[in-house]
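The following exercises concern one protein chain and are each followed by a worked solution. Please inspect the sequence and the model before reading on.

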Amino acid sequence: MSIGTGTDLGGTALGGLGVGGAGAGGVDPASEPVGGPLGTSELTEQRGRRFRLPRSPKIIAGMIMLAAFLILAIVGPIVAPYNPSASLSTTNGTPQPPSATHWLGTTQTQQDVFSQLLAGGRSTILVAFLAGIAATILSVVVGVCAGYLHGRWADELLSMLANFFLVLPALPLLIVIFGFLSPSGATNDVLIGLIIALTGWAWGARVLRAQTLSLRSRDYVDSARIIGERGWRVISHEILPNLLPIVASSFLFTVLYGVGTYTALAFLGLINPEHWSWGSMLFEAQNSDAEISGYWWWYIPPGLAVAFLGTSLALLNFGIDEFINPRLRAAGLTRRQSKKSGGKGLPRRFELGLTPVVRSRPAPGAAASTAAASTAAPSTGPTNRTQEQTS
């Protein structure tokens with residue numbers, strides 16, 4: 001009876017599995033690159049590629065703009081040339097246009113608009129980032145725990161809580177809440193940020209729950225549970241590190257939501273006007289009919305500041321989405337390779353639902369070794385057939 005076995009078990013039959021005939025450590029010498037093992041410079045280059053920062057123009061532009069706004073929030077109130085609440089003249093009640101003395105003009109009560117713009121950036125950015133941090137923590141706790149505990153009563157309870165806040169109208173609820181705040185509470189940036197975060201965490205929780213449901217069935221998560229790891233350790237060490245890009249994207253989205261919501265609340269007069277922010281500047285300009293009277297220097301600077309801050313956060317969010325989305329990342333790499341090669345051999349348009357893949361050409365030495373291996377492979381066939389017939 002023929003059992004189909006040969007004598008060269010170590011080198012031929014199991015060589016591809018790295019069990020025998022592969023030298024020390026179970027590594028096949030044929031799998032090493034031509035010219036010996038990787039050198040120190042090549043290993044350093046490979047490690048550098050793994051930890052290379054994204055080079056997307058969107059991420060770079062967003063980071064530069066956001067860094068400029070963060071510096072403005074820190075040093076703005078310090079370098080403001082005037083007190084934003086001080087009236088520089090008690091006789092003139094007409095807003096003055098920009099001049100060498102007042103770079104962005106004055107308000108109707110002769111307050112310096114440039115000083116208000118510098119002082120108002122700190123409150124707007126601080127509230128937005130506090131809201132983003134608090135909402136992200138809530139979304140991670142609720143979303144990841146609900147996804148990991150799928151099928152239990154805790155998952156149903158947390159999902160119901162997220163769905164409730166997801167369909168709840170945020171702005172009317174915030175108007176009602178801020179209507180009950182005291183004047184001191186309406187100027188507390190920490191309290192305002194926490195209240196805004198209460199209405200902005202549900203969307204991120206739903207996204208994280210869906211991703212956790214996909215990760216909880218992976219092999220490494222099952223292995224961690226089988227060896228007896230506790231649930232909190234599986235979440236913190238196995239699931240959460242793989243969700244960091246999504247958490248970062250959710251954080252930026254919530255900060256953007258905080259900027260718009262805080263500006264809207266201040267524009268509606270729910271924030272104390274003496275607590276300077278870009279929204280309160282728009283509120284004062286609206287009350288004084290600045291847009292009708294043509295006092296453009298009063299409302300355009302704060303409006304542009306809010307718009308550019310939102311643009312920087314949106315660019316970072318889009319850049320992170322391209323970095324973590326395999327299809328968008330592959331498409332971007334393909335377009336860059338197409339520009340370098342002059343468009344030869346690469347499609348200019350990509351089909352929907354198809355991930356383009358760029359295959360680099362093998363080195364001449366590697367191609368020669370591959371051809372030699374394919375030529376030598378058929379020579380083992382007659383020997384094996386002879387052995388089978390003999391057995």
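**Exercise 1.** Which residues does Phe 178 touch, not counting residues up to four places away in sequence?

*Solution.* The model is predicted, so local features need pLDDT of at least 70 and side-chain atom pairs count only at pLDDT 80 or more, whereas totals for chains, interfaces and linings use all residues. Residues are numbered from 1 along each chain as its sequence is written, and side-chain values use heavy atoms, with hydrogens and water left out.

Step 1. List the contacts (heavy atoms within 4.5 Å): Phe 178 touches Ile 192, Ile 195, Leu 265, Leu 270 and Ile 271.

Step 2. Consider Leu 265: 87 residues separate it from Phe 178 along the chain, yet their C-alpha atoms are 8.7 Å apart.

**Exercise 2.** Determine whether Phe 178 and Ile 71 are buried or exposed.

*Solution.* Step 1. Apply the cut-offs: buried means under 20% relative accessible area, exposed over 50%, and partly exposed in between (1.4 Å probe, protein chains only).

Step 1. Phe 178 has a relative accessible area of 4% and is therefore buried.

Step 2. Ile 71, in helix H3 (residues 57-79), has a relative accessible area of 51% and is therefore exposed.

**Exercise 3.** Identify the residues that Leu 309 touches, not counting residues up to four places away in sequence.

*Solution.* The contacts of Leu 309 are Leu 66, Phe 69, Ile 125, Val 259 and Trp 278.

Definitions and conventions. Helices (H or I, at least four residues) and strands (E, at least two) are DSSP runs, numbered from the N terminus.
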